[in-house]
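Visitor: I would like to learn how to read this model. Please take me through it.

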Amino acid sequence: MRRLISGLLAGLLVWPLLLPAEPAASGETGLKDNVQTLKKQVLELNRDLFMLEEDLLFPSNTQVSVFVSLDVGDFFQLDSVQVKIDGKEVADYLYTQRELDALVRGGVQRIHVGNLRTGEHELVAFFTGKGPHGRDYKRGATTKIKKGLGPKYVELKIVDQTKNYQPEFDIKEW
Amino acid sequence: MGRRSLLLLLTWLTCVTANSFAASDKPQQVLDLHYGEVLFHFYQKDYFTAITHLMVAQEEGLLQHHRHESELLLGGLQLSYGMLDAAESQFHRLLDSDTDSALHDRVWYYLTKINYQRGHYQKAYTDLQSIGKPRDKALRAELALLNANINMGLGNNAKAAEALKKVRAPEGWEEYLKINRGIALLRAGDIEAGRRVLDKLGKKRASTKELRALRDRANLGLGYELLRAGDPEKAREYLNRVRLQGPFVQAALLGAGWADAERGDYESALTPWMKLWQVAGHQPAAQEAHLALPYALAQMGDGKRAVYYYEQALGYYDAEQQQIEQAIEAANSGTLISLLSQADTGTSGGWLNDNPTLEGVPSGRYLVDLLSGNHFQEGLKDYRDLGYLATLLQQWLSNIELYYDMVDARRLAYQQRAPRIRERLEKQEARDLQSRWQRYEAQLDAAGQANDPLQLATGKEKQQWALLEKVRQKLTALPDEPRYNTMRAKADWLRGVLYWQMQSDYKIRLWEIRKQLAKLEPSLLDTVEKHQHIDSALESAKAGFDGYDARIEAMRARILALLPRIEAARGNKGQNLQHLALDELETRKRRLISYRSQARYALARSYDQLARTAKDQP
């Protein structure tokens, strides 16, 4: 019976921290290489397709991209951003926690890409969110953007105002 | 504790700890919007999209301020996306260029990690020596952990423990460093020192789910190690600390029972084993409990109950064996592959978080259990990645058709409208208007210099002036008589009045005409400019379709060439996973068969004992 215990224990001692897989078969390595090669080729193709699509749908002389970034303290949590260009709504975005974390860490979201003819246009943006004690915030900003010949990039940066520590838009044309 | 189990635990720890050396948790200062866009996807672990955006931005020269960082980030992203070879080449390229020491260290860190992931521990160790000592506490801790893991991979457990001893743990790192050090010490044979480290960790308050699981794991590992070392008393103490609500409860209950049994306290062993017996799950711990429980009863001399539970165990093993056989059959018939397909989420990368649904799958719990296992996850990740790539290319393929239509529509619109527009443009209407305007302006300048009011006379005034001139000529030819003299004087007076009128209005007229011309000028220039715009737009409109056909067709050919290769690779991967699953199921089946035969043997012995007892009784 003592042998029974040691036999069972021998099995036990290996499995509690989960058994690793059997050593990879030689075919597995080849397969892995193949998956890597495929990933590389699809990424290159995806890049070229992405650029083709952009050239076709948003040529550089009419392209306008609107980006959202965040530079606020811990007391403000962004919920949504809405963007209107020349009175027409072009984006209305609700953020997930994962996206917010990415924005807080310095990520920049391209919220809209579209076409505008050269000249002056009106951009109106709103954001909503929650401040200290769960207080609802809604702020807006209006700006005139001048579209020239090249692509136009507009950054909507939500920042804490130093004077009142409340978040506001800081709009920058790139 | 098994060497491979320890290694696996370490790998798991490396995966779950934050990779602060590679990417700081502090907000990044973004100087190029497109770099920020890459980070946005990277931070969400959407590596495929992040790499694509990075490659596009590099191609379009949009990362002027983050050139080196973006090269490093690309390598890091490739590494995270499982492209180890591409990442390695990328990092070596960075070493070739003129890099500063901080970047140099980060590159060597990545190269070390790649070799560690590949299991090339010696090479990883050599690479590690090229990394300078970082100032940051978190980076030093991360390096120490990597150093320890490599050393353990090389079998230098004492060195691994030493590497972790000197590190001061930053916030959130202490537990990881401790568990690694404890394991390294145990593996180095210093059981007492390892126990002390893990003991402290096992008693610590854990604020998060992850840390609570880590604490459970430390206690479980230590408990089993002490059990193996022949110290069941202490083993029981550590196994008791494992939470009943945690993921390791079954293993802990089984171990606790064995710790009691080792001490000869079979009655105490009944409590945890009975709990496991009641669970009646398909996990190895529950399976083993079906054998352990009657064994304890037999040791206590309770032959009748031992027989009862051995019989129950035989029934249970038969049922479980049947389930495993069904699972094997299901895996063989392709059910596993269809379960794998359920794991497709339409997103790139990442681990499988939710198990596939089991509706209508015979013995599905075994299959899903296998899929959730760590050794399946790597393969499953590749399988899902390939599925994502295939779906993505299918979407592009349908978009390609739209692009063709779009280009055709643009070409047709151009062919229909361009001739009419060209015809109007060729009339040079705007240019003619501008010339006329220029002529008027020249005339006005001349009139202004000549100071001749007649030049700005109205049509009527000009008529009147011509008539008076005619009258004057006629009157001049008439004889010098009072009647004619009166007429001549009247004509002169009329001419004088008319001239005076024109003279007095002259300045106002000059100003008025100048004003009118000036007013016309902007619209005229605008018209000329528009004319030029239309002219160049007509030329550039051709760029909206010219050359695209060949470009689109080339893309289509590339998609069509890649799709079958991806499908084939995915099929192979599925087969590979199926083989792994079958091997695992066969192992489990063999274990069950072994348990069953042990149960049968023990049952027979119990019957004999009962029979002997009955015979001995008067």
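Visitor: In which sense do β2(A) and strand β3 of chain A pair, and over how many bridges?

Guide: Strands are DSSP runs of E with at least two residues, and helices are runs of H or I with at least four, numbered from the N terminus. Two strands pair if DSSP finds at least two bridges between them. Here β2(A) and β3 (residues 88-94) are antiparallel, with 6 bridges. Gln82(A) is opposite Asp92(A) of β3(A). The two strands make a hairpin with 2 residues between them, and Asp86(A) in the turn has a positive phi of about 50 degrees.

Visitor: Which residue stands opposite Gln77(A) in β5(A)?

Guide: Lys130(A) does. Strand β2 (residues 77-85) and strand β5 (residues 119-130) of chain A are antiparallel and joined by 8 bridges.

Visitor: What is the average pLDDT of chain A?

Guide: pLDDT is the predictor's confidence in each residue, from 0 to 100. Chain A averages 82, and 79% of its residues score at least 70. In residues 1-27 of chain A the pLDDT is below 50. Where pLDDT is low, the predicted coordinates should not be read in detail. This is a predicted model: local features need pLDDT of at least 70, side-chain atom pairs count only at 80 or more, and totals for chains, interfaces and linings use all residues. Residues are numbered from 1 along each chain as its sequence is written, while chains are lettered from A and ligands numbered from 1 in the order in which they are written.

Visitor: Which residues is Ala296(B) in contact with, leaving aside neighbours within four places in sequence?

Guide: Contact means C-beta atoms, placed from the backbone, within 7 Å. Ala296(B) is in contact with Ala261(B), Tyr266(B), Ala269(B), Leu270(B) and Trp273(B).

Note on methods:
Two residues are in contact if their C-beta atoms, placed from the backbone, lie within 7 Å.
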